[in-house]
Amino acid sequence: MKQLAHKLFKSAVIRNALSLYGVQACRKMLPLISVPFLARVLGPEGWGKVAVALSMGEFIVLLVEFGFTLSTTREIARNREDAATCGRIVSGTIGAQLCLALLAIVIALAVSRQIPLLRDNPRLLMAGMFYGISQGLAPLWFFQGLERMVLAAALEISGKVLGLIGIFMFVRQAGDGWKVLALQGLAPAVTTLAALVLAYRIAPFGVPTFDMIRRALRAGWGMFLLRSGVGLYSIGNVFILGLFAPPQIVGFFASAEKISKAICGLLLPIRDALFPRLSHMAVHSPEQSGRLTKIGAIAMGTGGALLTIATFAAAPQIVRLLLGPGFDPAVNVLRILALLPFVIALTDSVGMQWLLPRGREGVVNKVILGGGLLNVLLASIFAARYLQIGMAWSVVVAETAVCVTLAYIVYRLSRSSDQRAHEVVLAVESNYAPRYAKKLSDSSVGAE
């Protein structure tokens, strides 16, 4: 047993998975520590306002990251032996992110003028933008591509913990909602600077050129479309609901969604740890990549099913424990969203673990964008009428549609690949068999 444990710990995939579990625990689980406090201090209405601003901040994160979490991770993983090439990749990515951050500020200021909740709360608006830019600039993609996640995870974890402590210290009344976002943005701003210093020591990078920025944007474009589609039915739900419902209703949905995301986040380290390894294997060892893909799919599918069952059964207790009195309407929302861990686990198994490492981001993008548009369409119909319940079902239906479509595509591609392989074998056999028979015949004549 000790030898097995030692062998597992020596595995880079296992170490990275454990490190990413620490990161996900901070991103998904630590907010659950703050949610009971904030739900009681801010109340459903105040928490709903923060949720709308946070949703705007997450859209900024989406724009600033621009899919680099996937595209740059893959490029670093493929060129990890060449420090100079990695340095150029880092330079281009950072330069592109800074340009995107400026664009995000302009867009956020323009859009907020049309939304009274943000327009009438300038401190909340500024804090949301600061949060989004700070989170988006974090260079986790560099260390993930090198499969050196331990130190980067330690930096992010320490920053998240400091942000949590700040919330408990400085958020005291309903009007302090803007402080929540400001404190959550301050920690990643500090840890991002530290991470860039570490990245420079490993792969020195300089001032990015226009060509480097253009290459980074072009490489990340496909992944950005993918993440944008995901954003339409993940981070954008609270924002969309806020257009139809009062802040209190938004608070019910946002609370249940945050709990659901924290639960789904328990599966992400498996996915994120496997992605760079599968990207590397897809080029250098396709057979091993196929075996590892199957193992990852089994692990994620099993974990997702267990989380779905547990969340549905314990929804009343979870809401009562984490949110306190006044949040009873969030129970039914959480029970609907309890379906997501299993659905998302299957989606990631066929998308992130099978299609993307093999360069099939084009088809994934189309499916994800289609699912996002479907979610917006369903939300505009059902959220306006059934409020938080309608929004929850819109999310589940959209996620399920994406999952089924991607699974069907993988099935067709697998059958197509098997058929082509079978045809090649038949062609080789048909050409080789006559020559082999003739050779045997000649050998027999010679023996006589």
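Reply: What follows is about aromatic pairs. This is a predicted model, in which local features need pLDDT of at least 70 and side-chain atom pairs count only at pLDDT 80 or more, while totals for chains, interfaces and linings use all residues. Residues are numbered from 1 along each chain as its sequence is written, and side-chain values use heavy atoms, with hydrogens and water left out.

A pair of aromatic rings is described by the distance of the centres and the angle of the planes. Rings of Phe, Tyr and Trp (its six-membered ring) pair if their centres lie within 6.5 Å; planes under 30 degrees apart count as stacked, over 60 as edge-to-face and the rest as tilted. The whole structure holds ten aromatic pairs. In one of them, Trp221 and Phe224, the centres are 5.9 Å apart and the planes stand at 35°, so this pair is tilted. Both residues belong to helix α10 (residues 210-232), three residues apart, about one turn of the helix. Helices here are DSSP runs (H or I, at least four residues), numbered from the N terminus.

Burial is judged by relative accessible area: buried means under 20%, exposed over 50%, partly exposed in between (1.4 Å probe, protein chains only). Trp221 has 44% relative accessibility and therefore counts as partly exposed, whereas Phe224, at 13%, counts as buried.

Phe382 and Tyr386 make a stacked pair, 6.4 Å centre to centre with 25° between the planes. They lie four residues apart in helix α17 (residues 361-447), about one turn of the helix. Phe382 is partly exposed at 35%, and Tyr386 is partly exposed at 44%.

Finally, Trp221 and Phe224 form one aromatic cluster with Phe66 and Phe68.

Technical notes. Helix = DSSP H or I, 4+ residues; strand = E, 2+ residues; numbered from the N terminus.
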